[in-house]
Amino acid sequence: MTDVILHIYDVTNSGSDKTNSTILQINKIFKDGIGLGGIFHSAVQIYGDDEWSFGFCEQGTGVFSCPSGKNPMYTYRESLILGKTNFSIFKVNQILRELSREWPGSSYDLLARNCNHFCDEFCERLDVPKLPGWVNRFANAGDTAMEVAGNTAVRLRQAKTEIVSASKVAYRFLLGVTNNVKAGPEPPSNSNSGGGGSPIFQATWLKNIITNGAKPSTSSEAENQNGVVPQPPIREDDKALLHHMSSSNDT
């Protein structure tokens, strides 16, 4: 059995002394002060003096190694022993070869696929506990926020489609009622039935609805590029229907 050691760094490779100092202050307050987390780089050491981590590159694998605790890109913070593994050095090398193929540098993502996610995956395959939650908490929180925003956008699109579909059904129903009015007057409604009044009143009301654009457009026509809802044209048969309604009202 051999120890699996996690090395943790403050991320201070921004190229700006002011930004690096700010990150150090954030980590001091949120990690050292209240134990919430911070902005960290991590790497795993097992068998030998090197540590293994993951980073961005345009081509090839993003998995790399360097002397433990001496990555020149960051400021060393601390190390933690995560546990012991029963895997032989031969098996560990096999796992590293597999990870090298599965983690190309071009797949790096600051929130969803960073060095801490790689170390989590490596530890899981070594059958030892994953990283403490505070190491990658800020990235996980940001990734969750992005996911929530994406799900909200999907729900809004679905709601828009459902509203358009419902308005189509409502329009067809209203058009059917007006056709019934055109066919002939209905007998007077019973005062106890809660009806909507005389056929002439109904026809006038429905004519106003249709004239004001009750006919829904399709979801693809719902709005143009400027976000303006276009007024649908009135078909010839609709014009005849409206003319008949208008004539009925005049009488």
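**Briefing: salt bridges, strands and a surface patch**

K130 has a relative accessible area of 46% and therefore counts as partly exposed. This residue belongs to a predicted model, and its side chain meets that of E124 in a salt bridge, with 3.7 Å from N to O.

**Salt bridges**

- Side chains of opposite charge can pair when their charged atoms come close.
- E124, the partner of K130, is also partly exposed, because its relative accessibility is 47%, a value that lies between the limits of 20% and 50%.
- The side chains of K84 and D3 form a salt bridge with 2.6 Å from N to O; K84 lies in strand 5 (residues 75-85) and D3 in strand 1 (residues 2-10), so this pair ties together parts that are 81 residues apart in sequence.
- K84 is partly exposed at a relative accessible area of 46%, and D3 counts as partly exposed at 27%.
- R77 and D10 form a salt bridge in which the closest N and O atoms are 3.0 Å apart, and this pair links distant parts of the chain, with R77 in strand 5 and D10 in strand 1, 67 residues apart.
- R77 is partly exposed, with a relative accessible area of 21%, whereas D10 counts as buried because its relative accessibility is 6%, and buried means under 20%.
- A network of salt bridges links E98, E102, E121 and R125.

- Strand 2 (residues 40-45) pairs with strand 3 (residues 50-54) in the antiparallel sense over 2 bridges, and Q45 stands opposite E51 in strand 3.

- N20 is found in helix 1 (residues 17-33) and counts as buried, because its relative accessibility is 12%.
- When residues up to four places away in sequence are not counted, N20 touches T12, N13, S14 and G15.
- I29 also has its place in helix 1, and together with F30, I34, L36, I39 and F138 it forms a nonpolar patch on the surface, with about 490 Å² of accessible area together.

Methods
Residues numbered from 1 in each chain as written. Predicted model: local features only at pLDDT ≥ 70, side-chain atom pairs only at ≥ 80, totals over all residues. Heavy atoms only, no water. Pairing = 2+ DSSP bridges. Helix = DSSP H or I, 4+ residues; strand = E, 2+ residues; numbered from the N terminus. Buried < 20%, exposed > 50% of the residue type's maximum accessible area, 1.4 Å probe, protein only. Contact = heavy atoms within 4.5 Å. Patch = residues over 30% accessible without salt bridge, like charges linked within 9 Å, V, L, I, M, F, W, Y side chains within 5 Å. Areas by Shrake-Rupley, 256 points an atom, 1.4 Å probe, with all protein chains shown as cover. Salt bridge = Lys/Arg side-chain N within 4 Å of Asp/Glu carboxyl O.
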